[in-house]
Amino acid sequence: MTIRLLLVSALCLIQSLAISQVINPEFDNVAKKFEQSKFESALETAEALMDNDKHRKKPEPYLWASMCYYEISKSDDEKLLERWKNPMRNALKYAGKAVSKDKNGNLVENNAEYFALMKEAGIAEALQWEKEENYRKSSYAYKQILEFAPEDVYVQFAKGVTDIRLNAFFDAERTIREAFPIIEESFRDLNYEPDPISSPLLKPNVLYYIDHLIENSYADSARKVTMAARVFFPLDEEVKSKLQAIEQ
């Protein structure tokens, strides 16, 4: 599903989530405000819950905050966006906080579609920053996604490659060393189905990584990564030509 189509269906998805949350009477107030599209008021209520000792360790207020910020991020109201700065970044931030507070995993499991929405929106954010050559913010967006999707190796690998662009080579090497072998192992399984949201990150980042290795005279590593890329993309002519150039 494309970002555009996803955004069209997002409100229905989130309203469905809101209805399910009403089951918990502790959060009726924020839920009702959200359902009425009173996102600022709902956000203020969620923030009050987060400041309350009784609720600060519960994941729900943080999830509500994320949802509110996400809705605000879609607004064209300049005054609203001035009052609530960086709404997409905050939507990702509070999604991560919700996961960190979710000790039994039920909230994440029950709202998997919303976290998938956050992942797709976060990747779009990262790619937009990359397009603008603001790699620091792009890397940060990937970092935020990993707070609520820590096992997504495609996001992890993309962050590692983005860190190369920032000359943060130590962090990049560590991240790529963790992610890339898992990707390789996964593709050895003929029944493996890559994450449809994050796997499109693989090709452009693996191509950049190959070029980086070649430019820095890591010929053996470049060949190894390119051979793996041939498994990932067996019919891709660009990957094929890079391997041919390395082997000349």
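The volume is the space filled by probe spheres set on the points, which are joined across faces, edges and corners. Lining residues, defined by an atom within 4 Å of a point, number 18 for the largest pocket, and Glu173, Ile176, Tyr209, Leu213 and Ser221 are the closest to its centre. Two or more lining residues each are given by helix H11 (169-187), helix H12 (202-215) and helix H13 (219-232); helices are DSSP runs (H or I, at least four residues) numbered from the N terminus. H11 supplies the largest share, nine residues. By class, the lining comprises eleven nonpolar, three polar and four charged residues, where Ala, Val, Leu, Ile, Met, Phe, Trp, Tyr, Cys and Pro count as nonpolar, Asp, Glu, Lys and Arg as charged, and the others, Gly among them, as polar.

Residues are numbered from 1 along each chain as its sequence is written. In this predicted model, local features need pLDDT of at least 70 and side-chain atom pairs count only at pLDDT 80 or more, whereas totals for chains, interfaces and linings use all residues; side-chain values use heavy atoms, with hydrogens and water left out.

H11 and H12 pack at an angle of about 125°, with their axes 13 Å apart. Axes are lines fitted to C-alpha atoms, for helices over the stretch in contact, and angles run from 0 to 180 degrees between N-to-C directions. H11 and H12 are therefore oblique to each other, since angles under 35 degrees count as roughly parallel, over 145 as roughly antiparallel, 65 to 115 as roughly perpendicular and the rest as oblique. In the contact (heavy atoms within 4.5 Å), Phe169, Ile176, Phe180, Ile183 and Phe187 of H11 meet Leu202, Val206, Tyr209 and His212 of H12. These residues divide into eight nonpolar, one polar and no charged.

The second largest pocket holds about 290 Å³ of space. Of its 14 lining residues, Asn86, Arg89, Glu125, Trp129 and Lys137 are the closest to the centre. Helix H6 (87-101), helix H8 (112-131) and helix H9 (135-148) give two or more residues to this lining, with the largest share, five residues, coming from H9. The axes of H6 and H9 come within 7 Å and cross at roughly 30°, and the two helices are therefore roughly parallel to each other.

Definitions and conventions
1 Å grid on protein atoms, 1.4 Å probe; cavity = no way out; pocket = protein on both sides within 12 Å on 5 of 7 lines; lining within 4 Å.
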